[in-house]
Amino acid sequence: MYAPTGVSDAVKVRKVTVPSLRDRKAGAGPSIAMVTAYDYTMARLLDEAGVDVVLVGDSLGMVVQGLANTLPVTLDEVCYHGRAVARGLRRAHLVGDMPFMSSQVSAEKTLESAGKMMKEGAFESVKLEGGAEMAEHVFRLVSVGIPVMGHVGLTPQSVHALGGFKVQGKSDAAAERILNDARALEQAGAYAIVLEAIPPEVASRVTESVSVPTIGIGAGRGCDGQVLVCTDLLGMSRGHTPKFAKHFAELGDAIVEATRAYVDEVRSGAFPAAEHEYRQPAVAGVDAVAWRGQSRGEST
Ligand code: KIV
């Protein structure tokens with residue numbers, strides 16, 4: 001457990017829970033703000049900023065591992081990142097993405113995978129991609145107490161079937177399928193549904209048609225919440241960024257600039273300066289070795 005700057009551990013934080021998220025359906029509370037994170041440091045900062053839900057997305061394959069898509073990400077990798085992120089959160093709800101082939105094979109395999117994520121990944125709920133075809137799997141998880149977030153529209157694990165990361169639901173028939181998928185997930189017990197890369201009219205229709213919150217990414221304003229990948233939000237991504245990914249900062253440029261300044265100072269000898277050095281106290285009788293250890297917070 002950590003305390004954000006200026007807040008002591010004694011200060012009670014009202015934890016975001018699955019029931020409290022469900023209660024925030026259309027107008028019943030502020031819009032849900034969800035962001036991805038993959039490590040402790042980012043998780044801690046997002047939590048301090050008041051993010052409601054932190055997602056360890058399988059986007060980690062692309063953002064952290066530099067892969068072309070999310071397909072190779074494993075259950076163990078998601079669990080590893082889940083544990084790191086969990087240590088940084090006090091208030092936000094933690095949801096983990098079920099990686100490709102951990103939820104598709106059978107309801108039993110889905111249950112085993114989700115159980116591992118809750119036990120070994122420290123997740124508080126799981127997210128899985130797919131619609132009506134996943135309803136039985138969702139039902140199975142929910143019936144044993146594992147909360148499930150659905151994900152329809154552009155489902156990146158189907159990138160090859162979809163012919164790329166393309167906007168979905170553009171025809172009436174495709175929009176109808178997305179609506180039916182969302183209803184099937186709701187009926188199976190999903191507590192929220194991500195709507196990715198669909199026209200805003202379709203997202204609004206889905207949002208009005210289901211009793212659980214919808215969380216949009218490239219799905220317009222008509223959803224009950226929004227989700228962004230942290231590196232997009234912070235302007236750290238290089239190369240192509242999707243149209244919907246607003247940069248709320250340009251940390252990528254700031255990192256390059258700061259690191260360039262460091263490189264220059266190392267090369268010129270300006271860093272480290274005197275104030276960055278540990279000096280041995282010139283006091284007789286002080287054990288210099290013990291003193292050095294203590295100055296690093298080590299016990300001697
Ligand atoms: O993997 C991910 O980051 C996601 C979000 C983009 C919703 O699924």
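**Salt bridges in a predicted model**

Student: At 23% relative accessibility, does Arg 91 count as buried, partly exposed or exposed?
Tutor: Happy to start there, with the reminder that this is a predicted model. Buried means under 20% relative accessible area and exposed means over 50%. The value for Arg 91 is 23%, so this residue counts as partly exposed.

Student: Which residue forms a salt bridge with Arg 91, and where does that partner lie?
Tutor: The closest N and O atoms of the pair are 2.9 Å apart. Arg 91 sits in the loop between helix 4 (75–86) and strand 3 (93–97), while its partner is in the loop between helix 2 (40–48) and strand 2 (53–56), so the bridge ties together parts 39 residues apart in sequence.

Student: Which residue joins Asp 52 and Arg 91 in one network?
Tutor: Good follow-up! Salt bridges that share partners link these two with a further residue, Arg 24.

Student: How many residues apart in sequence are the parts tied together by Asp 224 and Lys 25?
Tutor: These two form a salt bridge with closest N and O atoms 2.8 Å apart, and both are buried. Asp 224 lies in the loop between strand 7 (214–217) and strand 8 (225–228), and Lys 25 in the loop between helix 1 (18–22) and strand 1 (32–36), so the parts tied together are separated in sequence by 199 residues.

Student: How far apart do the C-alpha centres of domain 1 and domain 2 lie?
Tutor: The protein is divided into domain 1 (18–233) and domain 2 (254–295). The distance between their C-alpha centres is 44 Å.

Note on methods
Residues are numbered from 1 along each chain as its sequence is written. This is a predicted model: local features need pLDDT of at least 70, side-chain atom pairs count only at pLDDT 80 or more; totals for chains, interfaces and linings use all residues. Side-chain values use heavy atoms; hydrogens and water are left out. Domain bounds come from an automatic or database domain assignment. A salt bridge is a side-chain nitrogen of Lys or Arg within 4 Å of a carboxyl oxygen of Asp or Glu. Helices (H or I, at least four residues) and strands (E, at least two) are DSSP runs, numbered from the N terminus. Buried means under 20% relative accessible area, exposed over 50%, partly exposed in between (1.4 Å probe, protein chains only).
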